Amino acid sequence: MRWSQAFIPTLRDDPADAEAISHRLLVRGGYIRQLMAGAYSQLPLMIRVRSKVAKVIREEMDRIGGQEFLLPALHPAEVWQKSGRWEIMGDEMFRLRDRKDADLALGMTHEEIFGTLSLELRSYRDLPQFWYQIQTKFRDEPRPKGGVLRTREFTMKDSYSFDIDPAGLDASFQRHYEAYERIFARLGLDAVPVEASSGAMGGSDSIEFMVRSDSGEDEVVFCRSCGYAANMERATSRVEDIDDGVEHAGVEKFATPGVRTIGDLADFDGGAPGDHQIKTLVYILEGEPRLVLLRGDHPLVEQKLQDGTGAIEFRPAHPEEIRAALGADPGSLGAVGVKHIPILADLALAGRYNMVTGANDDDFHLRGVNVERDIEVSKWLDLREISDGESCFTCGSSLEVFKAIEVGHIFKLGTKYADAFGINVLDEAGEAQTVIMGSYGIGLERNIAAVVETHHDEKGIVWPVAIAPYSVAITVLRTDVPGSLEAGERLYEQCWNAGLETILDDRDDRPGVKFADAELVGIPFRVTVGPRGLESGVVEVQDRASGVTEAVALEGAVAHLSALIQR
RNA sequence: CGGGCUGUAGCGCAGCUUGGUAGCGCACCUGCUUUGGGAGCAGGGGGUCGCCGGUUCGAAUCCGGCCAGCCCGACCA
């Protein structure tokens, strides 16, 4: 490609609405343009990068025996109703009607469709099957952000495994795990596998691949010493022992006028610090109230509550509902003596006594509460959010919390969809066995953004060679000087002949402009061809990443570049 | 969905308080000079001022409604 003819609309200034580094650089570098919230046009450079990412993914999926499909993005409501997700997905699913007034949806994921196809599997001899596609997904995200990091329309490689038994699923899962590690390594991403919640998809052994980045939306809890790594939605830590002193014989009610928060009660004369309080939250799970108890200073992780209860419909109770349930307003809520509402308690409250909590009587609290003696806990769960510096559950070392981008997610679906769709095969004994599935996803644009987040400098993007839009930029200086452009063009031909993807910057522009563009766009190697060097038959080769420049004989330039790119 | 903010040329912005028919920088086009790190001079093109309505002789500017986008939170494979 000649730069003079290429559509690479680079910008000198950052777009005003871009926050994330990848967002800024991809817009400035002429890779993407926003059409609306959560929808981006992908320009020629972006398409080149994306097709290379896709190539890496295809190679690694094919390597473990994956077979590529392409399924419709447009789905009939029936398959989603069959799996029960027509309702579950709620507002996140784009829905539409066709001319016959039939309900349709734009696919957010493809378990239902692959599941439908898998009905044609007949025998255990056919298994395992690894099916994948690279397809557009539509999700009406409440809040798209970060440029291409979180959009409403994006490309995903999703794959699904089908096995006859759990051992088979374990093996399929493991193969995907390894394929994913290879994919991220080839993309230049340092992706940490972490334990995760499988959320609305249902499943177990959920593992997310996380790339550390301040632009990330997830938080990862990591232990340097033993390697424990988990999403905040799931992470646990060791709770330090707290001295509750001498146990009170009974519960004592006391007046706490104006006290509404944990902080108020900690400051209140006769109150108690947060770690000696019981925080009482009211949630509505599947339409029914539940009390959720945590230590006063511990935040709730809603995902843990959802995972722990299996609830699908799920929200904090409204003030009226709280008053109806407990007879008091938030600020004086408690679980002591509550029998009519199931109580879910965080494990950090186990064994605690001399605790303070609300009395279910406005402006009154209780002290001397022994959790296990005074509260009828229906279910103990891990519900609290851990924080940086707490001790690792397994090894006791200090835990680190960092922000990360979820670049991939693999999990075991089990028989959820197979049951819903009746997917089964005959086993060796000739008996029908329900097929057991796994699901594995990688978001292409998000991965590209993650690469930019982790591979850039003050001048622009620094692509790994494997996914750079071009490997080499030939920057011709003084296109007006006879011989300059011709030398560049010859080198350009030779590069392509040698299989090097090259762009020839033949624009009649100032050197600074051309250097800056090549750097912003992030081409790994730049060859500077100009009269100054040509006098002695020399061009300059610069490594984008290191900035190292070396003079190379024009004749040996292609071989030199090939060698650099092989490395 | 709650809170905050913004919509004026491709990008970044000023003008709005105090109404008089739109401007700056970059980018773009032409010419000349220039050219190893974002050139100079001269000339030029480009805008339904987000949309609809109202007030007014007159609205980018004032008023009302709507839409869109961004940020924080909620939410979210």
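In this predicted model, M46, V49, R50, V53, A54 and I57 in α2 meet L444, E445 and I448 in α12, where contact means heavy atoms within 4.5 Å. Helices (H or I, at least four residues) and strands (E, at least two) are DSSP runs, numbered from the N terminus. The residues of this contact of α2 with α12 comprise seven nonpolar, no polar and two charged; Ala, Val, Leu, Ile, Met, Phe, Trp, Tyr, Cys and Pro count as nonpolar, Asp, Glu, Lys and Arg as charged, and the others, Gly among them, as polar. An α-helix has 3.6 residues a turn, so residues three or four places apart point the same way.

The axes of α2 and α12 are 10 Å apart and pack at an angle of about 105°. Such axes are lines fitted to C-alpha atoms, for helices over the stretch in contact, and angles run from 0 to 180 degrees between N-to-C directions. The two helices, α2 and α12, are therefore roughly perpendicular to each other; angles under 35 degrees count as roughly parallel, over 145 as roughly antiparallel, 65 to 115 as roughly perpendicular and the rest as oblique.

Helix α12 (residues 444-454) also meets helix α1 (residues 21-28): their axes come within 8 Å and cross at roughly 100°. That makes α1 roughly perpendicular to α12. On the α1 side the contact is made by I21, S22, L25 and L26, and on the α12 side by A449, V452 and E453. Five of the residues in the contact of α1 with α12 are nonpolar, one is polar and one is charged.

A nonpolar core is a set of buried Ala, Val, Leu, Ile, Met, Phe, Trp, Tyr and Cys residues joined through side-chain atoms within 4.5 Å; buried means under 20% relative accessible area, exposed over 50%, partly exposed in between (1.4 Å probe, protein chains only). The largest nonpolar core has 59 residues, of which Y31, Y180, F184, F209, V407 and W463 touch the most other members. Helix α2 (residues 44-63) gives this core its largest share, eight residues. Domain 1 (3-235 + 401-452) and domain 3 (470-566) both contribute residues, so the core lies between them; the domain bounds come from an automatic or database domain assignment. A second, separate core of 25 residues includes F114, F162, L413 and M437.

Apart from neighbours within four places in sequence, Y180 is in contact with residues including M61, K157, F209, H409 and Y440.

Elsewhere, helix α8 (residues 302-309) has Q303, K304 and L305 as its buried residues. These pack against the strands β14 (278-285), β15 (288-295), β16 (314-316) and β17 (343-346). Just after α8, G310 takes a positive phi of about 75°.

In the loop between β14 and β15 lies E286, whose phi is near 50°, a positive value in a residue other than glycine. R478, in the loop between β27 (472-476) and α13 (484-497), has a positive phi of about 55° although it is not a glycine. E286 is partly exposed, with a relative accessible area of 41%, and R478 is partly exposed, at 47%. The peptide bond from L127 to P128 is cis, with omega near 0°, and P128 is placed in the loop between α5 (111-117) and β7 (129-138).

Residues are numbered from 1 along each chain as its sequence is written, while chains are lettered from A and ligands numbered from 1 in the order in which they are written. Local features need pLDDT of at least 70, side-chain atom pairs count only at pLDDT 80 or more, and totals for chains, interfaces and linings use all residues, while side-chain values use heavy atoms, with hydrogens and water left out.
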